[in-house]
Amino acid sequence: MSTAAPPRPDLLVRPAHLAGPGETDIVFLLASEHSWFRPFNAPADLVLISPQEGLALTRQARQWTVAGPGGWTVRFCDRAPAEVPYALITAAQEAETGHTAGAGPATGHTATVLLMASGWSGFNRDGYRLVAAPDRRAALSWPDTAPDPGPVLTAAARTGVWTVEFSRSAPDYLLTAATAALLRPVPRQAEQIPEQFRHLVRATPLHPDRSGDGPVGRTAAARAHGIASHPALRYLPPPSPPPATPTVHYSPAGPARPRPDPR
């Protein structure tokens, strides 16, 4: 069986919310770089737990869930840019090992400041507070009144929308980490950018010396050198294929949580 890695990305793309999920193999990186593992006789939906065993990554259908101490959860789908959940998961692990201060529940204050400093606009609509991207194809939203299920990052995807949903008790630094990742340019190959968004994104060539930077380059390099054959990584699931779902028109409502249209 070939162990060849996928081609390296050659573009930096903005805005990340329209760049597609990319090639980052989150499960492989957590295991190979952050020592996450799958316990013996783990339930079928449990993919990995953190080295300190306080964080768990599970998967059902195309929905992933990160769960942490106190019962907080963050859910994300396969269509989300992989850099966003990877950033919040690694932030959760840093906090677990005592490297991050503060663990208050998500307020969205810092995330809102970051978004608005990047040209996003905030307003209220239909009982929700929203911060919408300039192109109105992405938003951070949460209800104005209790019961508050927690904030959601959502944007247009190749089909439907992608979502990252935070429970009400999820630490605020997770939302901050996810938002910061969303505002950075992401490495992609041209064909990884959803076709309908290619005229809406800004893509600049990625210098060859930087092609190994970040989680995408590290995943490709590791697989190319056969690290995936290491016993600790042998039973990791392969990267998920793109979802084969019918095309639907974009609405920031998302399939499971009604959300107001930010336009």
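User: Where is the place of Thr 110?

Analyst: Thr 110 has its place in helix 3, where helices are DSSP runs of H or I with at least four residues, strands are runs of E with at least two, and both are numbered from the N terminus. This is a predicted model, in which local features need pLDDT of at least 70 and side-chain atom pairs count only at pLDDT 80 or more, while totals for chains, interfaces and linings use all residues. Residues are numbered from 1 along each chain as its sequence is written, and side-chain values use heavy atoms, with hydrogens and water left out.

User: Why does Thr 110 count as partly exposed?

Analyst: Its relative accessibility is 39%, and since buried means under 20% relative accessible area and exposed over 50%, with partly exposed in between (1.4 Å probe, protein chains only), Thr 110 is therefore partly exposed.

User: Which residues is Thr 110 in contact with, leaving aside its neighbours within four places in sequence?

Analyst: Thr 110 is in contact with Asp 172 and Thr 176, contact meaning heavy atoms within 4.5 Å. Thr 110 and Asp 172 are 62 residues apart in sequence, and their C-alpha atoms are 8.3 Å apart in space.

User: Why is Glu 53 called exposed, and what is Arg 136 called at 25% relative accessibility?

Analyst: Glu 53 is called exposed because its relative accessible area is 56%, whereas Arg 136, at 25%, counts as partly exposed. Glu 53 lies in the loop between strand 2 and strand 3, with phi near 65°, a positive value in a residue other than glycine. Arg 136 lies in the loop between strand 7 and strand 8, and its phi, near 60°, is also positive in a residue other than glycine.

User: What makes strand 5 and strand 10 a pair?

Analyst: Two strands pair if DSSP finds at least two bridges between them; strand 5 (residues 73–77) and strand 10 (residues 161–166) are joined by 3 bridges and run antiparallel, so they pair. Phe 76 stands opposite Val 164 in strand 10.

User: In what order do the strands of the open sheet come, and which are the edge strands?

Analyst: The 9 strands follow the order 2-3-4-5-10-9-8-7-6, with antiparallel pairing. Strand 2 (46–49) and strand 6 (121–125) are the edge strands, since each pairs on one side only. From one strand to the next, the twist averages 20°.

User: Which strands does helix 3 lie across?

Analyst: Helix 3 (residues 109–117) lies across strand 6, strand 7 (128–132) and strand 8 (138–143), running at about 150° to strand 8. Such angles run from 0 to 180 degrees between N-to-C directions, with axes as lines fitted to C-alpha atoms, for helices over the stretch in contact.
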